[in-house]
Amino acid sequence: MTNPAQGHRRTTVTRAAFIAAPLCMLAYGLIRLSDPGHGPGPAWTAGHIALLAGVALFAVVFPALRRMSGPTTRAGRLSASAATLLGLAGTLAVVAQAAIDLVVGFRAADRPGMERLFEEVQSHPGVLPAVYTVGPVLFYVGLVWLLVQLAVRRRVSPWRPVMVVLGTATAAVSLDLLPLAALLFAAALIPPARPAGHPLG
């Protein structure tokens, strides 16, 4: 049994994650725009630290969204669990990508040097799909899936998954639009989730 103090701490951490995750992504997008050469250097490092922090916070957000589904049918529980696992797998892929970017930024002296290191890393079997193409997509699939399921069950407002879809599409159009995408994600997740079983406004 979870005592009240533990429950309160978990709720506080969860609410903070729902706020901080998109804000860290916003910081990354803005820092990226300030660095037209896209690394290496302080802006590259700071931006990817912000990205790493923001994505890592979704390791809290996904289970929280899963808990919000509350009592449901077996099919509903399986669906929410599958979406959560996909989202967490995607989170791991993006974290790995951000970590590689940081290491490359530290090791390379200039942008051409970074490109050579990226080619070396991506030449290893399985790295490209797992970390750069297929893996990150699972993050968005899991997030949209969970929010759509919660919207169908009226646990979140129906416009929230729409904001995530728009944010995902915006980021796909151009990485220069990441700040706008982050704001759309923030619209979907802020105000933060209330305790498990309570709908978002």
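A residue counts as buried under 20% relative accessible area, exposed over 50%, and partly exposed in between (1.4 Å probe, protein chains only). You're looking at a predicted model, where local features need pLDDT of at least 70, side-chain atom pairs count only at pLDDT 80 or more, and totals for chains, interfaces and linings use all residues. Residues are numbered from 1 along each chain as its sequence is written, and side-chain values use heavy atoms, with hydrogens and water left out.

**Stop 1**

Select His38, in the loop between helix 1 and helix 2. (Helices are DSSP runs of H or I with at least four residues, numbered from the N terminus; strands are E runs of at least two.) His38 isn't a glycine, yet its phi is positive, about 50°. At 24% relative accessibility, His38 is partly exposed. Stay in this loop for Pro40: the peptide bond leading from Gly39 to Pro40 is cis, with omega near -10°.

For another positive phi, jump to Arg154, which has about 60° and isn't a glycine either. Arg154 sits in the loop between helix 6 and helix 7 and is exposed, at 74%.

**Stop 1: salt bridges**

How many salt bridges does the structure hold? There are two, each being a side-chain nitrogen of Lys or Arg within 4 Å of a carboxyl oxygen of Asp or Glu.

Pick Arg32 and Asp176 to see one of them, with the closest N and O atoms 2.8 Å apart. This pair ties together distant parts of the chain: Arg32 belongs to helix 1 and Asp176 to the loop between helix 7 and helix 8, 144 residues apart. Arg32 is buried at 16%, while Asp176 is partly exposed at 42%.

Now select Glu115 and Arg111, whose closest N and O atoms are also 2.8 Å apart. Both are in helix 5, four residues apart, or about one turn of the helix. An α-helix has 3.6 residues a turn, so residues three or four places apart point the same way. Glu115 is partly exposed at 33%, and so is Arg111 at 27%.

**Stop 3**

Next, highlight residues 178–189, which make up helix 8. Nine of its 12 residues are buried, so helix 8 is largely enclosed by the rest of the structure. Among the buried ones are Leu178, Phe185 and Leu189.

Leu180 is partly exposed, at 44%.

**Stop 4**

Finish with helix 2, residues 42–56. Its buried residues include Trp44, His48 and Leu51.
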